[in-house]
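Colleague: I have some questions about the labels used for this model. Please set each value against its cut-off.

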Amino acid sequence: MNQLFIDQIQSNQKEFVELTQDILTSNLLVIGEIHGVNENAFLYYSLFKLFEFDTIVLGYPISLREPVRNFLTTGIFPIHSATENLSNGNVNKTYLLMLKQLYTEGLLKNVIFIEPDNDGFPHWNDKEKASFENFQSQYSRENKTLVVLGDIHTETEPFAIETKQKFESGSLIPLALHLRQHLGDFPICKLFYHSGKFYNFGIKDFPKTHMPEHMLRKKKSEDKKYEIHLSGVNPVDTF
């Protein structure tokens, strides 16, 4: 796995310096991704190199923690452990290989999974709260941590989604809001995709949109909120 994005991230010097300082202040960076994009893994590998993270938090079920830890040391992963978590592209070969590479190079010290195994929550908010509690029980401020979540979980204000499903009705309280209430301010970086394909319940297309001049941008209206823009992306390698 190469350091594909390091030069591109550093090219916007002003925003890069600001993001570096925000990470140093909080020892934390939260990423909001669309699952199922191969280049996401290359990006996270580059971020580990650039900012010297030592811990990664993923929205993986806790039941995968031991199989993944075993994979890091042996290179063997029991596929049956992941079969129930493959449909949205979140659990995939590309991410596992990224973790293995970071571990082999001595960069990755801690892997934290926070999604509860029990899916029988009466409301979306209950599952978000349970994920936060799982985070809280494993996280240490002393570790320089990269948190990777699905984009919707990185909102910092309550929101509503029009849906017929009771599970997602009413005012939704995203995980990142719980994190900010507990940890204070920290940088959040959302990923934007301007062309290519991704895997989420099958291979799908990103509509082609204008790619900004710089890959890394800061939202001018909001403190410690950043964007990373990607184009020509590919779907992850699934099991």
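Modeller: Start with one term: buried means under 20% relative accessible area. By that rule, the buried residues of H7 are Leu175, Ala176, Leu177, His178, Leu179, Arg180 and Leu183. Bear in mind that this is a predicted model.

Colleague: What makes H7 a mostly covered helix?

Modeller: The count does. Of its 9 residues, 7 are buried. H7 spans residues 175-183 and lies across S1, S3, S4, S5 and S9. Its direction runs at about 160° to S5, which is 188-193. The buried residues of H7 pack against S1, S3, H6, S4, S5 and S9. Just after the helix comes Gly184, with a positive phi of about 85°.

Colleague: Why is Ser26 called buried?

Modeller: Its relative accessible area is 16%. The cut-off for buried is under 20%, so Ser26 counts as buried. Ser26 is found in helix H2, residues 13-26. Beyond its sequence neighbours within four places, Ser26 is in contact with Tyr139, Asp185, Phe186 and Pro187.

Colleague: What makes the pair of Asp22 and Ser26 a polar contact?

Modeller: The distance is 3.0 Å, from the backbone oxygen of Asp22 to a polar atom of the Ser26 side chain. The limit is 3.5 Å for a pair of N or O atoms. The pair therefore falls within the limit.

Colleague: How do you know that Thr94 is buried?

Modeller: Thr94 has 7% relative accessibility. Buried means under 20%, so Thr94 counts as buried. Thr94 is placed in helix H5, residues 93-104. The side chains of Thr94 and Asn38 are joined by a polar contact of 2.8 Å.

Colleague: Why is His214 called partly exposed?

Modeller: The value for His214 is 26% relative accessibility. Buried needs under 20% and exposed needs over 50%. His214 therefore counts as partly exposed. His214 is in the loop between strand S7 (203-206) and strand S8 (216-218). Leaving out neighbours within four places in sequence, His214 is in contact with Ser11 and Asn12. The C-alpha atoms of His214 and Gln13 are separated by 9.9 Å, though these two are 201 residues apart along the chain.

Colleague: How do you know that S1 and S4 pair?

Modeller: Two strands pair if there are at least two bridges between them. S1 (residues 28-33) and S4 (residues 145-150) have 6 bridges, in the parallel sense. They therefore pair. Leu29 stands opposite Leu146 in S4.

Colleague: What makes S3 and S8 edge strands?

Modeller: The open sheet has 7 strands in the order S3-S2-S4-S1-S5-S9-S8, with mixed pairing. S3 (110-115) and S8 each pair on one side only. The twist from one strand to the next averages 25°. H2 packs on this sheet, touching S1, S8 and S9 (225-230). The direction of H2 makes about 70° with that of S8.

Colleague: And in which sense do S6 and S7 pair, parallel or antiparallel?

Modeller: Antiparallel, over 4 bridges, with S6 at residues 196-199. At least two bridges are needed, so S6 and S7 count as paired. Lys197 stands opposite Asp205 in S7. Their hairpin has 3 residues between the strands, and Phe201 takes a positive phi near 55°.

Colleague: What makes the span of H6 close to the expected one?

Modeller: H6 (residues 124-138) has 15 residues and reaches 22 Å from its first C-alpha to its last. The expected span is 21 Å at 1.5 Å a residue. Buried residues in H6 include Trp124, Ala130, Phe132 and Phe135. What covers the buried residues of H6 includes S2 (55-61), S3, S4 and H7.

Colleague: Which residues touch the most other members in the largest nonpolar core?

Modeller: Tyr44, Leu47, Ile56 and Leu146, out of 49 residues. Helix H3 (residues 38-51) gives the most to this core, with 9 residues. Leu47 is in contact with Ile9, Leu29, Ile31, Glu52, Phe53 and Leu146, leaving aside neighbours within four places in sequence. A second, separate core has 16 residues, including Val30, Phe135, Ala176 and Ile188.

Notes:
Residues are numbered from 1 along each chain as its sequence is written. This is a predicted model: local features need pLDDT of at least 70, side-chain atom pairs count only at pLDDT 80 or more; totals for chains, interfaces and linings use all residues. Side-chain values use heavy atoms; hydrogens and water are left out. Helices (H or I, at least four residues) and strands (E, at least two) are DSSP runs, numbered from the N terminus. Buried means under 20% relative accessible area, exposed over 50%, partly exposed in between (1.4 Å probe, protein chains only). Contact means heavy atoms within 4.5 Å. A polar contact is a pair of N or O atoms within 3.5 Å; within protein, one must be able to donate a hydrogen and the other to accept it, and residues adjacent in sequence count only if both atoms are side-chain atoms. Axes are lines fitted to C-alpha atoms, for helices over the stretch in contact, and angles run from 0 to 180 degrees between N-to-C directions. The expected span of a helix is 1.5 Å times one less than its number of residues. A nonpolar core is a set of buried Ala, Val, Leu, Ile, Met, Phe, Trp, Tyr and Cys residues joined through side-chain atoms within 4.5 Å.
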